[in-house]
Structures are given as structure tokens and as C-alpha cells.
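Have the sequence and the view ready alongside.

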Amino acid sequence: MVSKSRKVVRKAVAKKTVRKSKPTTRKAAPKQRKWVYLFEDVRAVEKYTGSWEGVRGLLGGKGSGLADMTRAGVPVPPGFTVTTEACNAFRKTGSFPAGMWKQELDALKVVEKKTGKKFGSAENPLLVSCRSGAKFSMPGMMNTILNIGMNDEVVQGMIRLTGNPRFVWDSYRRLIEMFGTTVFNLDDEVFERPMAGYKAGKGYKVDTDMTAEDWKALVSSFKEIFRKHVGFDFPQDVYKQLELATKAVFESWNAKRAQDYRRATNISDDLGTAVNIVTMVFGNMGFDSGTGVAFTRNPSTGEKKMMGEYLLNAQGEDVVAGIRNTEQIANLSKNMPGVYKQFMNITGKLERHYRDMQDVEFTIEHGKLWMLQTRNGKRTAKSTVKIAVDMANEKLITKEEAVLRVSPEAVDALLHPQFEERAMKDAEKAGSFFSKGVNASPGAAVGQIYFDADTAERMAKEHKQDVIMVRPFTKPDDVHGMIAAKGVLTSEGGATSHAAVVARQFGIPCVVGASNIEIDLEHRSMSVNGKAAKEGDWISVDGTTGQVFLGKIPTSAPSLEEQTELMTLLKWADEISARPNIRKAPKGWPTRGLQVWANADYPKDARRARSYGAMGIGLCRTEHMFFEPERLPIVQRMILAESSAERTAALNELLPSQRKDFDGLFEAMDGHPVIIRLIDPPLHEFMPDEEKLLEEVVTMRVKGETEGLAAKEKLLNHIRALHESNPMMGLRGVRLSITMPEIVEMQVRAIFEAAADCALRGIVVKPEVMIPLTGTVKELEWIQPRLTRIAAEVLAEKGVKKLSYKFGTMIEIPRAAVTAAEVATHAEFFSFGTNDLTQMTFGYSRDDAERNFLVTYVEQGILPKNPFQTLDRAGVGKLMKTAIADGRTTNPSLEVGICGEHGGDPESIEWCHLIGNNYVSCSPFRVPVARLAAAHVALKYNGKSIAEDK
Ligand code: PEP
Ligand code: MG
């Protein structure tokens with residue numbers, strides 16, 4: 001095996017450069033490009049590409065795995081790989097690149113020698129499979145053709161050799177069928193329907209009922225079908241078979257389903273697929289033969305236990321298709337103890353070598369074990385976290401690797417809703433239980449059912465419905481429907497079936513093999529013992545337990561505390577982020593990684609934020625507290641006040657409740673900073689709806705009702721007076737505070753009274769008062785001294801001497817960012833309000849842009865992403881970067897954060913690390929995601945300077 005595979009990456013780059021830039025000597029004869037490598041040639045490939053990453057790129061995941069196993073002495077059937085470079089050359093011209101076919105034939109000769117068999121010979125025939133394999137695995141998306149090398153003559157030879165005509169005819173019909181469907185794109189139905197008809201005619205239930213004569217008869221009809229649909233006879237020339245199969249695999253890279261898959265998984269279209277030509281070994285040679293697939297750890301839960309299935313006397317696709325009932329892998333120890341021991345030994349070695357959970361395919365031919373594939377197994381979010389943490393604890397990988405192996409999205413998926421247990425019990429009592437299948441991909445999904453992928457996709461995309469896709473089983477062509485669906489339900493197949501594998505990969509809750517469900521595709525309905533659901537009906541699918549219910553079941557967010565492995569992983573992430581000098585920076589700038597704070601308005605949110613690991617509150621939007629039903633009338637009275645005294649009286653009524661809110665926040669965040677933003681929205685938002693009020697006034701006038709009319713008219717006039725054409729750019733934020741300072745004066749008093757009370761109770765309070773929507777430093781010059789005076793007064797009144805607090809501002813207006821050096825002479829901290837900053841930098845309304853044009857902009861490539869979700873680095877991001885640098889020139893200890901929605905987005909978090917933020921602040925639910933993202937970027941840019949141009 002490759003012992004230093006991962007260590008050579010750096011060298012690789014250097015080597016690659018040398019190889020490319022080396023001038024070609026004129027005299028030397030032009031060396032033929034190598035398009036084909038035998039499995040045992042892996043060292044040459046390493047030399048050519050310079051790294052294991054390069055080997056994977058050239059030979060694909062499957063090819064590099066087979067080569068690596070061959071080198072390690074694992075029993076792999078002899079074979080070779082046609083490179084991805086050959087595929088890319090083929091895709092450009094539509095024909096094999098010069099020399100490739102000859103190299104393929106030469107390699108075949110070597111394989112003939114190794115196996116002692118001959119391709120196309122009736123005496124001792126060599127059969128091969130032709131398998132796709134890209135750098136990143138795309139399960140089932142591209143083509144594979146088995147049993148290449150059979151023709152009418154070879155069939156006779158094989159019968160003589162094996163004495164097993166049943167096996168031979170079955171293998172031949174498989175070849176013709178696969179050739180038709182994969183090389184010539186015929187519909188599966190073209191072969192499946194006549195086969196089902198044949199079986200029904202004979203009264204057979206399963207394939208194993210078929211005799212040699214039956215398969216032979218089917219071969220004749222398959223040949224006829226082939227001729228009818230393709231226009232010529234099934235090729236008897238075995239080399240033609242190999243050529244067509246190789247081309248078909250190359251071409252399958254561009255198949256729609258492969259393209260859809262790449263879109264969904266961000267795999268580049270440029271990579272191309274390799275083609276692996278592998279000597280056929282047969283699991284269907286009798287009951288001393290078999291075939292199976294297995295994962296070295298449980299891909300659903302992460303449990304450290306081999307999980308897999310096998311079938312005796314069967315070929316690979318029989319296991320995956322779920323047509324026959326498979327055996328659990330542990331039973332192999334009874335059927336074939338020797339093989340089982342060898343299998344466990346090899347897979348254990350493979351896992352230790354690749355230092356990751358492996359997904360293997362194997363075949364046993366007459367008692368001899370052959371490994372056909374090993375690759376890092378796809379897994380659920382839950383399993384990803386458990387395997388990463390377990391492997392770090394087993395010292396198989398480092399803690400840093402464990403942290404890097406889990407994507408922030410996986411953490412998000414783990415905190416996704418689950419069905420409430422009580423609600424499930426109630427549903428069961430109410431008779432809504434429908435079926436139970438295999439819990440293939442965890443999570444709760446509620447949606448309307450559709451029975452084919454196209455409709456499922458259409459309903460989800462065009463009609464914005466929550467969709468559950470229901471099928472007897474899924475095929476690669478169904479992936480687009482699955483991706484669009486909230487959940488997937490199948491009546492056939494097991495934990496390794498196509499539906500299960502794909503759903504796990506995309507984090508879609510999925511139940512498979514709910515075998516008592518009868519699906520009537522024609523009438524678009526399904527039923528279990530008379531209970532039925534038709535297309536469009538709601539169901540609830542629990543991928544965690546495998547249960548399916550009719551109707552909708554409520555869901556709730558799972559607790560983080562119960563997920564011990566995730567807690568451990570996040571603790572490691574925090575340790576990484578907290579390392580000193582993980583960022584190099586000038587004095588005053590942060591040199592540790594990012595902290596993660598949370599946006600929280602109420603004590604209960606703050607408590608959740610703490611339990612999710614937030615190290616501070618980055619934004620408390622105080623106006624939310626004004627909307628409480630018992631407070632709103634007082635707020636409205638305050639707004640309608642005709643004198644300052646009247647306004648102050650109303651505010652004095654509000655003060656105790658504001659103080660109580662802040663008290664709760666400080667208590668929940670004991671020892672951690674709490675940023676409280678002073679009132680921000682325009683006042684009309686607190687007033688009754690103008691149109692509704694007008695309707696009431698008009699109705700009263702028409703009906704001649706006078707009681708209360710004058711008051712309503714006065715209110716209406718007031719609301720009209722507050723009207724602005726463009727309120728988001730109007731009287732709000734600091735502008736409102738300057739025109740009506742009483743409100744913020746009350747708020748600051750409430751903040752410091754609460755802070756002092758808490759401090760006196762022994763709570764460590766660190767209040768930070770945030771002034772929103774600053775555009776010029778003059779605004780701060782005007783308002784801030786009034787507020788700091790109140791803070792000092794309150795602390796003196798309460799007799800609290802030592803309490804650290806800050807006054808700072810939000811940077812939401814481009815002008816504030818551009819004049820940051822001046823703003824920072826007053827502000828002790830900046831918090832980027834990137835919702836408004838994006839709105840104002842682009843000039844796009846944050847409330848309307850998505851609905852009106854943003855989706856089109858992204859689709860048309862005018863914008864790479866929605867800038868309200870992912871920071872626009874070139875514009876908004878650049879403003880932030882210069883604002884931080886300028887701000888710290890006048891105030892070197894300036895604390896910098898972000899509290900817009902971007903604070904929970906991994907890509908935006910990366911930018912915040914690079915430009916020198918101290919922290920990011922996001923919704924409490926995103927805190928775990930952000931903690932992991934912060935550690936990822938810290939590791940990615942470990943020790944790099946903030947000042948370096950990015
Ligand atoms: C912002 O503008 O990014 C922000 C956090 O403030 P709000 O969303 O309340 O306007
Ligand atoms: Mg804002």
C-alpha cells in the first residue's frame with residue numbers, strides 16, 4: 001500500500017511544475033503519451049503525477065483503489081485502467097486519442113498472460129468488466145458493463161469448461177442486456193418486460209427458478225430485441241465489444257444524471273472518468289460462490305461494526321437491486337469461515353491504511369475471495385461525526401483531521417428537526433401509522449407524496465411544495481427528484497440500495513424496503529392493508545426509526561447536549577480556534593482564530609446560545625422587546641406623545657420591563673460580553689397598519705358612528721405623518737436617537753441599572769452598547785457623550801465602581817466603512833451589519849431583491865451567489881476589510897464582529913477570519929456550524945498573516 005501517500009502532496013506540486021516546464025529535447029523521439037496503466041503500475045503513476053491526489057485524479061477513485069490494493073497484496077482480479085486524461089481527450093474529439101487503443105490491447109495481453117486465459121478464445125476464455133470510476137465517487141451515475149468477451153462460440157467453450165450451462169447462459173443474457181441499456185441507451189423495460197413475461201408464463205417467482213434452458217431461450221429473444229432496437233446484431237467480435245464499452249463509459253460522463261449529480265455535489269465537469277478493465281470473477285458459479293458489499297463501520301450511525309450484505313450464487317447487481325433477500329455479512333462466518341476471516345482481515349487493513357471507513361465490494365468464486373473495490377464510504381452526518389471522533393480517539397487520525405472531516409453542513413443536519421416522540425405516539429394511537437421499513441437515512445420529513453422523480457422535482461421547484469418521493473426502488477435517473485424532495489420512501493431495497501446510498505449522501509431522510517406498501521404507479525397511489533394515500537397526500541417519514549405515518553407529525557430540534565460525539569468535536573474545534581498565533585497580525589489585532597457569538601433577544605435565546613457554545617451575544621435587537629403585547633400600547637403612547645414630558649412618562653413605564661430583559665440576558669451570559677443595540681427601526685413599524693385603520697375610519701364615517709371616531713382619526717393622521725417613501729433609508733437608527741433621544745436614554749439607563757444590579761449579585765457583566773446605522777462620526781460625537789454620561793451616573797447611583805463596558809457602532813452604511821478611521825476615534829467596537837451593508841452597497845432592497853431579480857441574477861451568472869446569504873467579498877467584503885484596517889489605525893484595540901445573517905455562513909466566516917474580525921455572531925442554532933467553520937478556516941490558513949493580500 002502507499003505508505004507515504006499523503007505526505008507527498010507538497011512535493012507533488014513541485015514535481016508537477018518541473019515536469020510541465022521541462023523543455024523537450026529536439027533529438028529525442030517523441031515519447032508516446034501513456035493512456036493506460038496496469039494495476040501493478042501504480043508506482044509509475046505516482047511518479048508521473050507526483051502525489052496520491054494526482055493518482056486519484058488520473059486513475060479515478062476505483063482505479064487508484066484497485067491499484068493500491070494490488071500493491072498491498074490484496075487479492076484483486078488482474079486488470080488495468082484507461083486514464084481520465086484519455087477520457088478528456090476523447091470528449092474533445094469524439095475518438096480515442098492516438099495510441100490509446102493499442103495500449104489497451106497491449107495491457108489486455110498482459111492480463112491474458114497473468115490469468116492464463118485468452119480474450120475471445122472458446123478454449124479458455126477471458127471475460128472482463130468495463131467499469132467507470134471518476135476521481136470523486138459518483139455511485140451508480142455512470143456506466144458499467146460486465147461479462148465482456150462472450151459470444152456464441154465462447155458460450156459453448158464456457159459450457160464445456162464449467163459444466164454449468166445455466167450460469168453461462170445467464171451471464172450471456174446479462175451481457176446482451178447491459179450492452180443494450182448502457183452502450184446503446186435502450187430503456188431497461190425493453191429487456192425487463194419480456195423477461196418478467198417469460199417468468200410469469202413459466203410460473204416462476206425469482207430468477208433462481210430459471211433453468212439453463214430458460215436462460216438460453218431468453219438469450220435468443222434478447223438478441224432479437226437487440227437487433228430490433230439497435231439496428232444490427234449484437235457484436236460477436238469481442239474486441240468491438242471492448243471498444244464500444246470503453247467509449248460508452250467515456251460518454252457516460254456527460255449523461256444527464258451524471259451532470260445533475262455533479263451539480264449537486266460540486267464536482268467539476270472537467271475531471272472526466274477513468275475506465276477500469278477488470279478480469280471477471282463470478283459469484284454465481286454455485287453455492288461455493290457469492291458476492292457482497294460492506295461498510296467497515298455503520299454508515300448510518302457510525303458504530304464500529306462491519307455492516308454489509310451478501311448473496312451466495314449471485315452477481316453484484318443482485319445484491320444492490322434488492323431483488324433477492326440478502327444475508328447479513330456476519331453470517332458469512334458460518335457459510336465460509338475461512339473466507340470470512342480473510343475478508344475481515346483485509347477490510348481491517350484497508351481501513352487502517354486509508355484511515356477512513358471503507359465501502360468494499362467483493363466476490364467469492366469457488367471459495368476464493370476477490371476484492372473488487374474499496375473506497376471511502378458515503379455516510380450520514382451522524383455517522384461522519386462519530387467516525388471522525390472515534391478514529392481520533394483510536395489515534396488513527398489527529399483531532400485536526402477529525403475536525404476537518406466534518407463539514408459545517410453536516411453539523412447543521414444533525415441539529416435538524418426530528419419528530420416529537422409524543423406526537424409519534426399520538427399519531428400511532430390515532431391510527432395514522434402506515435408502515436415500517438429500513439431506517440436508511442435519518443431525520444424527519446413531512447411532505448406531499450409523488451410517485452416519479454420528474455413530478456417530485458416539479459412540485460418542489462415550481463410549486464414550492466414539501467415533497468416526499470415514493471418509488472418501489474430508485475435508479476440513478478431518479479436522483480434529481482430525490483435531491484428536490486424532503487424525504488424518500490421505497491417499498492423495496494435495503495440499507496445499501498441506491499435510494500439509501502444517495503439519500504445518506506445528501507442528508508435526505510429516507511426509509512427503504514417498506515415491503516408491505518403496495519405502490520400502484522398507474523393510479524398514483526399506495527396502500528397497506530386497505531389504508532391508502534394518493535398523489536398529493538401528506539405523509540411523515542422518519543428516517544431515524546424507519547416508521548411512516550399518514551398525515552403531518554410535528555417536529556422539534558434535537559438537543560446538542562445529547563450528541564456527545566458532536567460536543568467533543570466542537571470542543572476540539574474551539575481549542576483549535578483559540579490557539580494563539582494561528583493568525584499573524586499587527587499589534588492589537590486578534591492572533592487567535594474567530595470566536596463565535598450569537599444574536600439573541602431574550603434570556604431564553606441567550607441560554608440556548610450558551611448551551612450551543614456561544615462566547616458572547618453579538619446582537620440583541622432591543623426593539624423586539626417593544627413588540628410584546630402588553631408593551632406595545634405604551635410604546636405607541638410614547639410615539640404619539642406631544643411633549644417631551646409625556647414621552648418621558650411613557651418611557652418610564654417601559655423602563656422596568658427593559659431592565660428585566662437585560663437582567664436576564666446578563667445573567668444567562670455571566671462572564672461573557674453582551675452587545676445591546678439601541679432602537680433601530682423606523683417608528684411606523686410599531687404603529688397599527690395604516691390601511692386597516694383607514695378602512696375602520698371610513699366604515700365608521702359611512703355608518704355614522706361617532707364614538708371613538710375622533711381618536712381614530714387623530715391616530716391615522718399621526719401614522720400618516722410618520723409615513724416615509726423610503727423608510728429603510730429614513731428616520732431610523734442613530735438618526736431617530738438624535739431626533740428623539742429620550743428613547744435611547746431610557747434604554748441606556750435600563751442597561752446599566754440591570755448591569756449594576758447583576759454585578760451586585762456577583763454576576764460578571766460586560767455590556768456593550770451598540771449604536772446602529774451610523775453614517776458619519778459626527779452622529780457619534782453628538783449622541784455618545786450623552787449616553788456615556790448616563791452610564792456613569794447610573795453606576796455611581798448604584799455604587800458600582802468596577803464594571804467594564806464599551807460603546808460602539810454598527811457599520812451598515814458604506815460611508816461609515818469608508819470613514820472608519822474617524823468613526824473608530826469614538827467607537828470602541830465595530831459590528832458589521834452586513835444585511836444593511838449589502839443592501840446599501842449594492843443598492844438592492846433586502847426585502848424585495850430575492851423575489852424580484854436575485855434568483856435570475858444568480859442563474860444567469862451575473863452574481864456568483866446570493867449576496868444576502870454569502871458575503872460578496874469583492875464589494876461588501878472589501879469595504880469591511882478596509883474599514884477594519886483603517887479603524888485600527890486610530891483605535892488599535894478596536895473589537896470587530898459581524899452580526900448580519902452572514903455570521904452563520906461558512907464562506908462568509910472564512911472571510912471574517914481573513915480580514916481580522918475578533919468574532920462572528922449568528923443565530924443560536926447556527927452557533928455549532930459557525931464554531932466548526934471557524935476552526936476549519938483557522939486550520940486552512942494556519943499561521944498566515946492577516947495583512948497578506950487575499
Ligand atoms: C444588519 O443590518 O446586518 C443587522 C444585523 O441589522 P438588522 O438586520 O436588524 O437591520
Ligand atoms: Mg441593520
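My entries follow, from the overall picture to single residues.

**Entry 1: the whole chain**

I started by noting that this is a predicted model. I then looked up the make-up of the protein and found 38 helices and 35 strands. Taken along the principal axes, the box that its C-alpha atoms fill is roughly 110 × 80 × 50 Å. I also asked how much of the protein is buried: of its 950 residues, 55% are. For contacts between residues at least 6 apart in sequence, I noted that 69% join residues at least 24 apart.

I placed Glu812 in the loop between strand S31 (806-811) and helix H32 (814-818), and Asp836 in helix H34 (residues 834-842). The two are 24 residues apart in sequence, so the pair ties together separate parts of the chain. Are these two buried or exposed? I found both Glu812 and Asp836 buried.

**Entry 2: cysteines**

I looked for disulfides, taking sulfur pairs within 2.5 Å as the test, and the count came to zero. Cys899 was my example to follow up: its nearest cysteine sulfur belongs to Cys912 and is 11 Å away. Cys899 has a relative accessible area of 1%, so I wrote it down as buried. For Cys912 the nearest cysteine sulfur is that of Cys922, 11 Å away, and Cys912 is in no disulfide either. Cys912 is buried too, because its relative accessibility is 0%.

**Entry 3: helices H27 and H28**

I then picked a helix pair, H27 (residues 690-703) and H28 (residues 709-722). Their axes are 10 Å apart and the packing angle is about 150°. Angles over 145 degrees count as roughly antiparallel, so that is how I described H27 and H28. I noted their crossing as left-handed. On the H27 side, the residues making the contact are Glu690, Leu693, Leu694, Glu696, Val697, Met700 and Arg701. H28 contributes Leu709, Lys712, Glu713, Leu715, Leu716, Ile719 and Arg720.

**Entry 4: helices H6 and H7**

A second pair went on the page: helix H6 (residues 152-162) packs with H7 at an angle of about 150°, with 8 Å between the axes. H6 and H7 are therefore roughly antiparallel. In which hand does H6 pass H7, left or right? I found a right-handed crossing. From H6 I listed Asp152, Val155, Gln156, Met158, Ile159 and Thr162, which meet Pro165, Phe167, Val168, Trp169 and Tyr172 of H7.

While in H7 (residues 165-183), I stopped at Glu177. Its relative accessible area is 14%, so Glu177 counts as buried. Setting aside residues up to four places away in sequence, Glu177 touches Phe191, Glu192 and Phe222.

I looked up Thr83 in the loop between strand S2 (79-82) and helix H4 (84-93). With a relative accessible area of 0%, Thr83 is buried. Which residues is Thr83 in contact with, leaving aside neighbours within four places in sequence? My list reads Lys34, Trp35, Tyr37, Leu58, Leu59, Phe250, Thr273 and Ala274.

Lys114 sits in helix H5 (residues 100-115). Not counting residues up to four places away in sequence, Lys114 touches Glu40 and Pro78. I also checked Lys114 against Lys778: the two are 664 residues apart in sequence, and their C-alpha atoms are 85 Å apart in space.

**Entry 5: two lysines with positive phi**

Last, I turned to the backbone. Lys395 is not a glycine, yet its phi is positive, at about 65°. I found Lys395 in the loop between helix H15 (381-393) and helix H16 (399-405), and at 72% relative accessibility Lys395 counts as exposed.

Lys464 also has a positive phi, of about 55°, without being a glycine. Its place is the loop between helix H19 (453-461) and strand S17 (467-471). Lys464 went down as exposed, because its relative accessibility is 66%.

Conventions: Residues numbered from 1 in each chain as written. Chains lettered and ligands numbered in written order. Predicted model: local features only at pLDDT ≥ 70, side-chain atom pairs only at ≥ 80, totals over all residues. Heavy atoms only, no water. Helix = DSSP H or I, 4+ residues; strand = E, 2+ residues; numbered from the N terminus. Buried < 20%, exposed > 50% of the residue type's maximum accessible area, 1.4 Å probe, protein only. Axes fitted to C-alpha atoms, helices over the stretch in contact; angles between N-to-C directions. Parallel < 35°, antiparallel > 145°, perpendicular 65-115°, else oblique. Left-handed = near helix turned anticlockwise from the far one by under 90°. Contact = heavy atoms within 4.5 Å.
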